Amino acid sequence: MTRLKIMAKTDVRVVTVGISGASGALYAQMLLRLLDADQRVEGVYLVASDAGLRLISGELGIVAADGKKLPSLLTGTSAKKIEYLSNKDIGASIASGSAAADAMTVIPCSAGALGAIAAGTAGDLLTRAADVSLKERRPLVLCLRETPLNRIHLENMLRVHDAGATVMPTMPAFYYEPKTIEDLAEQFAYRVLAQLRLPHEKQYRWKGSNVGEKRG
Ligand SMILES: Cc1cc2nc3c(=O)[nH]c(=O)nc-3n(C[C@H](O)[C@H](O)[C@H](O)COP(=O)(O)O)c2cc1C
């Protein structure tokens, strides 16, 4: 099989990215950069919880007093196609199933956000948009970051899985021999894109190997 040379076609044009208050803001930054650069993607809605904003500040050193500047601060570009929405704005477009949003991820996803989504409480825009994704049967990828896991976490994961979400813990792989943390986060972001039905040509693809042989 030859490597994918051109980006696969997709029916996903608009993606919602939720950032909640779990460690791993770098994953969200990587994903947003890839979505921003992806010509298949027409628009991105970005919503972050208060705890998410705190983690972005603590882990990336990015503080956006005006949330509207957050997309460009995260991507390092003009980020024209990324629209920042306040988590308090429960009347924003993505709070309705009629909005043109094709897929959503929460990255990173806190145990708290997972619990709210599993319970369907939909008390803020992030969890409401996730709830809408489930009811509209659109792809919802929850990149949970918590360890160890208690029984409540495990039950909530099963609950959202049964409701149609993909639970995708932020567990990076090492078999492609990443050299930097950015390599790790980038390859994880490609896996998330694949789950969002946006497979990327730069995603490392296992080609198979015999035990003990160097992989190419
Ligand atoms: C520095 C810091 C790191 C945190 N890391 C995690 C984490 O990795 N996973 C998690 O589930 N919660 C973590 N939390 C706790 C959540 O931020 C907290 O439960 C918060 O209420 C989640 O709210 P949200 O789901 O609305 O973002 C962390 C909190 C702080 C301050």
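S20 is found in the loop that joins β1 (14-19) to α1, where helices (H or I, at least four residues) and strands (E, at least two) are DSSP runs numbered from the N terminus. The structure is a predicted model, in which local features need pLDDT of at least 70 and side-chain atom pairs count only at pLDDT 80 or more, while totals for chains, interfaces and linings use all residues. Residues are numbered from 1 along each chain as its sequence is written, and side-chain values use heavy atoms, with hydrogens and water left out.

**Surroundings of S20**

S20 counts as buried because its relative accessibility is 3%; buried means under 20% relative accessible area, exposed over 50%, and partly exposed in between, with a 1.4 Å probe and protein chains only. Its side chain reaches the backbone oxygen of P108 at 2.8 Å, and a polar atom of that side chain also lies 2.8 Å from the backbone nitrogen of S110. When neighbours within four places in sequence are left aside, S20 is in contact (heavy atoms within 4.5 Å) with several residues, among them S49, G52, V106 and L126.

**The ligand**

Of the 14 residues around the ligand, G21, S49, S110, A111 and R145 come nearest, a residue being near if one of its heavy atoms lies within 4 Å. By class, this shell has five nonpolar, six polar and three charged residues; Ala, Val, Leu, Ile, Met, Phe, Trp, Tyr, Cys and Pro count as nonpolar, Asp, Glu, Lys and Arg as charged, and the others, Gly among them, as polar. Both α2 (50-60) and α4 (111-119) supply at least two residues of the shell.

| Residue | Part of residue | Distance to ligand oxygen |
|---|---|---|
| S23 | backbone N or O atom | 3.0 Å |
| A113 | backbone N or O atom | 3.3 Å |
| E146 | side-chain N or O atom | 3.3 Å |

The protein covers 59% of the 640 Å² of accessible area that the ligand has on its own, as computed by the Shrake-Rupley method with a 1.4 Å probe.

**Helix α7**

Helix α7 (residues 181-195) has 15 residues and reaches 21 Å from its first C-alpha to its last, close to the 21 Å expected at 1.5 Å a residue, the expected span being 1.5 Å times one less than the number of residues. Its buried residues include L184, F188, Y190 and L193, and the buried residues of α7 pack against α1 (25-37), β4 (103-109) and β5 (140-144). Just after α7, R197 takes a positive phi of about 70°.

Technical notes: A polar contact is a pair of N or O atoms within 3.5 Å; within protein, one must be able to donate a hydrogen and the other to accept it, and residues adjacent in sequence count only if both atoms are side-chain atoms.
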